[in-house]
Structure formats: structure tokens, C-alpha cells
Amino acid sequence: MKLQNGEKLLFIGDSITDAERQRPDGEGLFQALGKGYVSLVDAFLQASYPELGIRVVNMGTSGNTVRDLEQRWETDVEQRKPDWLSIMIGTNDVWRQFDTPFIREWHVLPDEYEATYRRLVERTLPQVKGLVLMTPFYLEPNPSDAMRKRMEEYGAIVRKLAEEYGTLFVDTQAAFDRVLTHLYAATLAWDRVHPGTAGHMILARTFLGAIGFDWNRG
């Protein structure tokens, strides 16, 4: 596995990462990591690699776009000095274009999304051992759906940045699509955005696969 002894793994993103985490610091006891994929990743790491003592921190914030991440990057990422950072952002950047189409100042269009995301990657890479870029997703099996198509554009930007900067890449949409061939979307997320436990397990498993988690260990 890529994570080593005593390293700090920080997750940042929107409500999907947040998942009711503790404030102000998303770590500690009593579901401080929230009820989502971050807590599942932490549980798998503790159960299978207890000797490594990996410290997991959740700094997701509900409603965030990549614009919001940039505004809090210094306090919520840089000052916390993680060894590994995972970023999953883009859902609200896209969603606001569909649920509030007339409030255009809330929309983060592809050019701004890519430019802002690129700035964050470039300023962070020298400060961390590893960076994981996770795509946003939309739980709609019809690829012609307007919001699904738009989300794919943002996922493609994440893939491009991961390839350019040599980071780890997690295609969350592809992971969900495999399950959506068997399950109706509302089974995983009533609003096609916020997953239930099974959806968060898909995210956790896909993330862990990217960092070389040994599923046969212990």
C-alpha cells in the first residue's frame, strides 16, 4: 500500500465528503469523520493496517464548489500539513447550473473549474507525498441526460489534470456505472447525488483500490 507508517490522509470536498463530519475539525471520536466514505476508508485502514497508525482527517464542507475550496485551502489543507490529500469536488459546480439556472453567479463553468483546480494542484504538489484526484459523479445511467453529460465534462477535466501532474486518479462515475447496470439510481441515492451507505462503500472501495489497499490482508 502507498500510505506508510504514521502518515496523515486528509479528504476535502463537498457534502458527499462532509457527510455530517464534526466541526471544526473532522477527526476524533464519536463519528467525527462523518457517516460517509471517509469514515469507511478510516475503518478499513484501522482494521487491516493497524500497525501503520494512519491519521485520517475529513475537511469536506457541504455546498462547496472548487471556488469555495480555494478560499479555505490555506487553513483547511496547507496549515494541516497532510502527507496525502484526496480531492473530490465538482458536484455543486455542475448542480447549480441545473437547480438554480438563473442565478448565474453561483455557476462554476468548465474553464473556471479547470483553472481553479489546476492552481490548487500546483500549489499543493510540492507540499504532499501523494495526491488523489476523484471525479465528481451523477447517479444517472442515461449518458444522454443533460446533467450527466455535464458532469462527465468535469470528470474529464479531473482525469486530464491527474494525467498531467502524475497524481493518483479515481473514476467514481465508472465505479457507480458498474453498479447502476443492476440497481435503480434511487437505490443508491434518492437525489442521484448524495449516496446512502452502499454508495459510500463504492466510493471507499474505489479510493482504497487506487492507493493499493490489500483486500486479502488480515
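Leaving aside neighbours within four places in sequence, threonine 116 is in contact (heavy atoms within 4.5 Å) with Val66 and Glu70. The model is predicted, so local features need pLDDT of at least 70 and side-chain atom pairs pLDDT 80 or more, while totals for chains, interfaces and linings use all residues. Residues are numbered from 1 along each chain as its sequence is written, and side-chain values use heavy atoms, without hydrogens and water.

The backbone oxygen of glutamate 112 lies 2.8 Å from a polar atom of the threonine 116 side chain. Phenylalanine 176 touches Phe137, Leu139, Leu188, Pro195, Gly199, Ile202 and Leu203, residues up to four places away in sequence not being counted. The C-alpha atoms of phenylalanine 176 and leucine 188 are separated by 9.1 Å, at 12 residues apart along the chain.

Residues lining the largest pocket include Ser15, Lys35, His194, Pro195 and His200. A pocket is an open set of points on a 1 Å grid over the protein atoms alone, where a 1.4 Å probe fits, with protein on both sides within 12 Å along at least five of seven lines; lining residues have an atom within 4 Å of a point.

Definitions and conventions
A polar contact is a pair of N or O atoms within 3.5 Å; within protein, one must be able to donate a hydrogen and the other to accept it, and residues adjacent in sequence count only if both atoms are side-chain atoms.
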